[in-house]
Each structure stands twice: as C-alpha cells, then as structure tokens.
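Subject: Structure handover

Hello,

Here is the structure I promised to pass on. Please open it first, then read my notes below.

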Amino acid sequence: MKEDLLLLIELQECDSTLVTLLARKKILPEKMEKLDKDFLVFKENIEQNKKKHEELKQKHAGKEKEVKNINENIARAKQRLLEVKNNKEYQAILKEIELAETSCSDIETQIISLLDEMDNLSLLVKKDENTLNQEKQKYEEERKKLETAISSLDTDFADWEQKRNDLKEKIDGGLLAKYEKIKNRSNGIGVVSVWKAVCNGCHMNIPPQLYNELQKSSELLICPNCNRIIYYRNKDSAAL
Ligand SMILES: [Zn+2]
C-alpha cells in the first residue's frame with residue numbers, strides 16, 4: 001500500500017481517538033459532579049434521624065430548665081407560706097404550689113417520653129452511621145477511580161495529539177488538505193476501509209471494477225457513494 005495512505009490511516013486513527021477522548025473529557029467531570037451530588041443527597045437523607053435526635057436533645061434541655069424554674073418557684077412559695085398573716089393568703093399560696101406541682105409532674109412525664117424517643121432514635125442513628133460509612137467508602141473509591149481516569153485522560157490526549165502532529169509533518173500538504181476537507185464534511189471520518197466490496201464508511205457496495213482496482217492500484221481512490229478516501233482491508237487476516 002502507498003506510504004501516504006498508510007500515514008493517512010494512522011492519522012485517521014489519531015483523529016478518531018482524539019474525538020473519543022474529547023467526549024470522555026466532557027463526560028467524566030460531569031459524572032464526578034453527579035457522584036458528589038448524589039452522595040450529598042444520600043448523606044442529608046440519612047442524617048435526618050441524627051438531626052431529629054439533636055432537636056429532641058435541645059427540647060429535653062428546655063424541659064429540664066422549666067422543671068428547675070418551677071421547683072425554685074415552689075421553694076419560694078413555701079418560704080412565703082411561713083410569712084403570711086391571714087388564712088386567705090395562705091390558701092392562695094397553697095393553691096399556687098399545688099398548680100405548680102401538677103404542671104411540674106406533667107413536664108416530667110413529657111421528659112420521660114422524650115427520653116424514650118431519644119433512646120429509640122439513638123439506635124437508628126447508630127445504624128444510619130454505619131450505612132453512611134459504608135456508602136462513603138464506596139463513594140470515595142468511585143471518586144478516586146474517576147480522578148485517575150480524568151488525569152490519565154489528559155496524558156492520553158496529549159500523547160495522541162503529539163502523534164497526530166508528528167504524522168501531519170510527514171504527509172504531503174495537498175493530500176493532507178484533501179483528507180481534512182473530506183473529514184470535515186463526513187462526520188470526522190476521511191479514510192475508510194473496504195472489505196468484501198462494502199465501504200466501511202457508508203456501508204454501501206462499491207462497484208466490482210472499483211473494488212478490483214482498489215486491491216491492485218496504488219492510486220488514491222474515493223468511495224463513489226460517500227466520497228471518502230478508501231483502502232482495501234482483508235478483515236479475515238486483519239492485514240491492511
Ligand atoms: Zn462509502
């Protein structure tokens with residue numbers, strides 16, 4: 001096969017690979033972004049019990065404070081009892097103490113049920129923490145894989161770009177321009193193989209005479225259907 005054509009085939013491989021790598025360069029960071037977002041949502045959801053537990057803890061502290069205040073009021077009221085002069089006032093203070101004690105006992109009942117609820121939640125929180133840790137580990141492994149893929153992608157891209165530039169230097173300017181022109185109007189593919197008279201670019205049959213010529217001639221031939229540069233390739237022997 002003509003040396004120029006071999007170089008064009010190599011150039012086509014570079015161009016096609018670069019297109020694929022470019023697509024991956026766009027997709028991988030998007031995947032990374034989605035991975036981060038999904039994990040954040042998962043974390044927020046699974047931390048609901050923990051959040052609820054924190055809220056109950058604050059509520060519990062508030063109730064304890066209320067009990068303390070009421071008890072202080074009761075103590076003060078009992079002190080006042082010792083100083084009252086008439087029975088009416090005495091009865092009023094007793095009533096005040098009774099009401100305070102009732103409300104204190106109500107709050108203590110609420111505290112008991114709060115503590116129960118917190119105990120139950122604690123078990124769930126512990127379970128959630130384990131699940132989160134497992135998920136976090138998976139997430140971090142996945143993220144690391146993506147990071148490695150992204151960084152090796154940059155190296156690969158630079159290598160193929162270099163290879164493409166080196167090849168371009170070796171190819172005749174006129175031929176290169178022709179290839180670029182065909183490639184740009186044909187979905188990025190300028191050179192295609194033909195096997196068993198079928199063009200690999202448009203998947204149409206090429207005329208028998210042209211197929212015959214393609215196998216013998218060293219001339220640059222064009223597919224009459226898709227207008228791409230064609231070369232003969234025996235796919236059975238995998239030879240060019
Ligand atoms: Zn074709």
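A crossing of two helices is called left-handed if the near helix is turned anticlockwise from the far one by less than a right angle, and right-handed if clockwise. You will need that below.

First, the ground rules. This is a predicted model, in which local features need pLDDT of at least 70, side-chain atom pairs count only at pLDDT 80 or more, and totals for chains, interfaces and linings use all residues. Residues are numbered from 1 along each chain as its sequence is written.

Overall layout

The protein has five helices and four strands. Both are DSSP runs, numbered from the N terminus: helices are H or I with at least four residues, strands are E with at least two. From the N terminus on, the order is α-α-α-α-β-β-α-β-β. The C-alpha trace spans about 130 × 35 × 25 Å along its principal axes. The radius of gyration is 41 Å, whereas a compact globule of 240 residues would have one near 18 Å. That radius is taken over C-alpha atoms, and the globule rule is 2.2 Å times the number of residues to the power 0.38.

Helix packing

Take H1 (residues 3-46) and H3 (residues 87-170): their axes come within 8 Å and cross at roughly 160 degrees. H1 is therefore roughly antiparallel to H3. Their crossing is left-handed. The contact residues divide into 21 nonpolar, two polar and 16 charged.

H1 also packs on H4 (residues 173-185), at an angle of about 40 degrees and with the axes 11 Å apart. This pair is therefore oblique, and its crossing is right-handed. Asp-4, Leu-8, Leu-11 and Asp-15 in H1 meet Leu-175, Tyr-179 and Lys-183 in H4.

The terms are these. Axes are lines fitted to C-alpha atoms, for helices over the stretch in contact, with angles from 0 to 180 degrees between N-to-C directions. Under 35 degrees is roughly parallel, over 145 roughly antiparallel, 65 to 115 roughly perpendicular, and the rest oblique. Contact means C-beta atoms, placed from the backbone, within 7 Å. Ala, Val, Leu, Ile, Met, Phe, Trp, Tyr, Cys and Pro count as nonpolar, Asp, Glu, Lys and Arg as charged, and the others, Gly among them, as polar.

Strands

Strands pair if DSSP finds at least two bridges between them. S1 (residues 191-195) runs parallel to S4 (residues 229-232), joined by four bridges. S3 (residues 221-222) pairs with S4 in the antiparallel sense, over two bridges. Ile-230 in S4 stands opposite Val-192 and also opposite Leu-221.

Best wishes

Terms used:
Contact = placed C-beta atoms within 7 Å.
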